[in-house]
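Please look over the model below before reading the notes.

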Amino acid sequence: MKTVIAQSFLNAITYSEYRNIISDLIQQDKSSGDEQSDDLLHYSKLNETRMNRLDKTVHVGIETTQELNTLMHEYYWLVLAEGWCGDAAQLVPIFNKMANTSKNVELKLLFRDENKPLMDMFLTHGSKSIPKLIILEKQTLEMKGTWGPRPEGATKLIRSYKQQYGVVDETAKTELQLWYLHDKGLSTQNELTTLMHHLEQLTHQTK
């Protein structure tokens, strides 16, 4: 695992680089990832608009900032994502804002389809679901934990819809985007700060 993480990390990029690559691809009528289609290009364009909006509107709470700045160690948040992914569009800007407010967290991104060996190590119920946030101790690149692909409330919404209708269709996707809109990133902030402190407690207990 450590070798795959270290090798993949060599490809890691910043948030601004991630955004620029997606924008450049859209200008060429392409989406990120191995598969190309009109639908994926449409979603990529829609997601770029979403990320632009979230970059301006996402607010990281004072408590979240304080919690992240009391961490005892420094971490990388290594995130697998793609430009066409609706969940990634809603969440990666939040990761970025959180990392920017903390001296202990640095965000790095990887495109999923360009890093298959790493993605295969972090499947969700056998699926290559993204975004997948991998928490690494900065000094050693040791994997401490993971989060994603969605906050619990969003996960429950999709699970309930699929149980009721058997599919995740456009209506489900619309309901999911509305959930994100109303949540304003609070669930993601709360879940990640709670997880970070839990991981630090585990580290302290094992030393």
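Predicted model: local features only at pLDDT ≥ 70, side-chain atom pairs only at ≥ 80, totals over all residues.

**Nonpolar core**
- The largest nonpolar core has 58 residues, and Y18, W77, V92 and F95 touch the most other members.
- Helix 5 (residues 86-101) supplies the largest share of this core, eight residues.
- Leaving aside residues up to four places away in sequence, V92 is in contact with Y15, Y18, V79, A81, L107 and L109.

**Strands 3 and 4**
- Four bridges join strand 3 (residues 132-137) to strand 4 (residues 143-147) in the antiparallel sense.
- I134 has T146 of strand 4 as its bridge partner.
- Five residues lie between the strands of this hairpin, where L141 takes a positive phi near 60°.

**T65**
- T65 belongs to helix 4 (residues 62-69).
- The relative accessible area of T65 is 19%, and buried means under 20%, so T65 counts as buried.
- Not counting residues up to four places away in sequence, T65 touches V60 and T101.

**Helix 7**
- Helix 7 (residues 152-165) has 14 residues and reaches 20 Å from first to last C-alpha, close to the 20 Å expected at 1.5 Å a residue.
- Its buried residues are A154, I158 and Y161.
- These cover an arc of only 65° around the axis, so they sit on the same side of helix 7.
- Helix 8 (170-183) is included in what covers the buried residues of helix 7.
- Exposed residues Q163 and Q164 are on the face of helix 7 turned away from its buried side.
- G166, with a positive phi near 85°, follows helix 7.

Key: Residues numbered from 1 in each chain as written. Heavy atoms only, no water. Core = buried A, V, L, I, M, F, W, Y, C linked by side-chain atoms within 4.5 Å. Buried < 20%, exposed > 50% of the residue type's maximum accessible area, 1.4 Å probe, protein only. Helix = DSSP H or I, 4+ residues; strand = E, 2+ residues; numbered from the N terminus. Contact = heavy atoms within 4.5 Å. Pairing = 2+ DSSP bridges. Expected span 1.5 Å × (residues − 1). Arc of directions from axis to C-beta.
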